[in-house]
Amino acid sequence: MKTLIVYAHPEPKSLNGSLKDLAVSTLETAGHEVRVSDLYAMNWKAVVDAADYGPDASSPLKVALDSGRAFDAGTLTPDVLAEQQKLLWADTIIFQFPLWWYTMPAILKGWVDRVFTYHFAYGVGEHSDTKYGERFGEGTLAGRKALLSVTAGGPESHYAARGINGPIEDLLFPIHHGILYYPGIEVLPPFVLYGADRMAGEDYADVAKAWEQRLLTLESTEPIAFRRQNFGDYEIPSLHLKEGLEPLGRTGFGLHVLG
């Protein structure tokens with residue numbers, strides 16, 4: 001297995017840093033190849049601008065079209081090209097980050113904004129009466145799996161079905177479905193550590209054991225059963241789920257998960 005770890009935390013000695021280091025050692029000991037993109041250590045530029053697209057940037061800037069033109073021409077900046085090559089190399093991607101203000105840190109969102117360019121991660125495939133591009137189960141990154149390893153400051157009850165923060169499945173849905181599944185990546189159930197800000201040192205042994213178990217079972221873990229866009233569940237071009245396919249009473253994000 002070839003694994004890319006995209007790590008987003010400014011403190012190497014943090015819980016996130018320890019989980020990243022443990023992932024590297026566990027996977028390498030098991031015989032897997034591992035590469036790490038440590039975004040803070042790389043001084044990753046988190047904002048998209050015209051400099052990303054070199055001579056293919058237009059004026060006024062058109063981010064989607066310009067990024068696709070630069071991707072096609074091979075004129076994206078070297079840092080973006082390097083991350084795209086890592087994604088193409090990997091068959092598994094682990095994202096290690098803290099949940100800050102209900103989402104990923106800005107530097108990681110900036111990694112997505114810059115690396116997932118038009119024609120690389122989206123804007124591919126045919127548009128017809130039966131297909132609406134290759135996305136949500138198809139796409140250039142199909143055949144890969146991804147896992148979010150997330151630390152949250154609040155206790156688990158805050159992220160339960162009736163918790164004040166909302167269900168963790170809903171909070172992570174935009175990342176799982178909208179960022180990862182969109183270009184075809186299969187998404188594994190997340191590894192979430194709650195109460196991270198209050199975790200005592202003696203608790204880490206149990207955390208490490210649980211994380212090692214998840215890492216060693218990545219290849220056998222079933223992905224979240226998101227519905228595929230072009231395989232009959234959705235009306236095209238409206239992309240509304242066809243009536244009667246949802247389990248009784250299910251609404252919202254859950255409509256897009258089978259079973």
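This briefing looks at one strand and its neighbours, then at salt bridges. The model is predicted, so to speak of local features pLDDT of at least 70 is needed, side-chain atom pairs count only at pLDDT 80 or more, and totals for chains, interfaces and linings use all residues. Residues are numbered from 1 along each chain as its sequence is written, and side-chain values use heavy atoms, leaving out hydrogens and water.

- Strand S3 (residues 92-98) has seven of its seven residues buried, where buried means under 20% relative accessible area, exposed over 50% and partly exposed in between, with a 1.4 Å probe and protein chains only.
- Helices (H or I, at least four residues) and strands (E, at least two) are DSSP runs, numbered from the N terminus.
- Thr92, Ile94, Gln96 and Pro98 cover one side of S3, while Ile93, Phe95 and Phe97 are buried on the other.
- Val6 has Phe95 as its bridge partner in S3, and Ile94 has Leu147 in S4.

**Salt bridges**
- Eleven salt bridges are counted, each a side-chain nitrogen of Lys or Arg within 4 Å of a carboxyl oxygen of Asp or Glu.
- Arg69 and Asp66 meet at 2.5 Å, N to O, and both lie in helix H2 (residues 63-73), three residues apart.
- Arg114 and Asp79 form another, at 3.0 Å, N to O.
- Arg114 sits in helix H4 and Asp79 in helix H3 (residues 78-89), so this pair ties together parts 35 residues apart in sequence.
- Shared partners join Lys45, Asp49, Asp52, Asp79 and Arg114 into one salt-bridge network.

Key
Two strands pair if DSSP finds at least two bridges between them.
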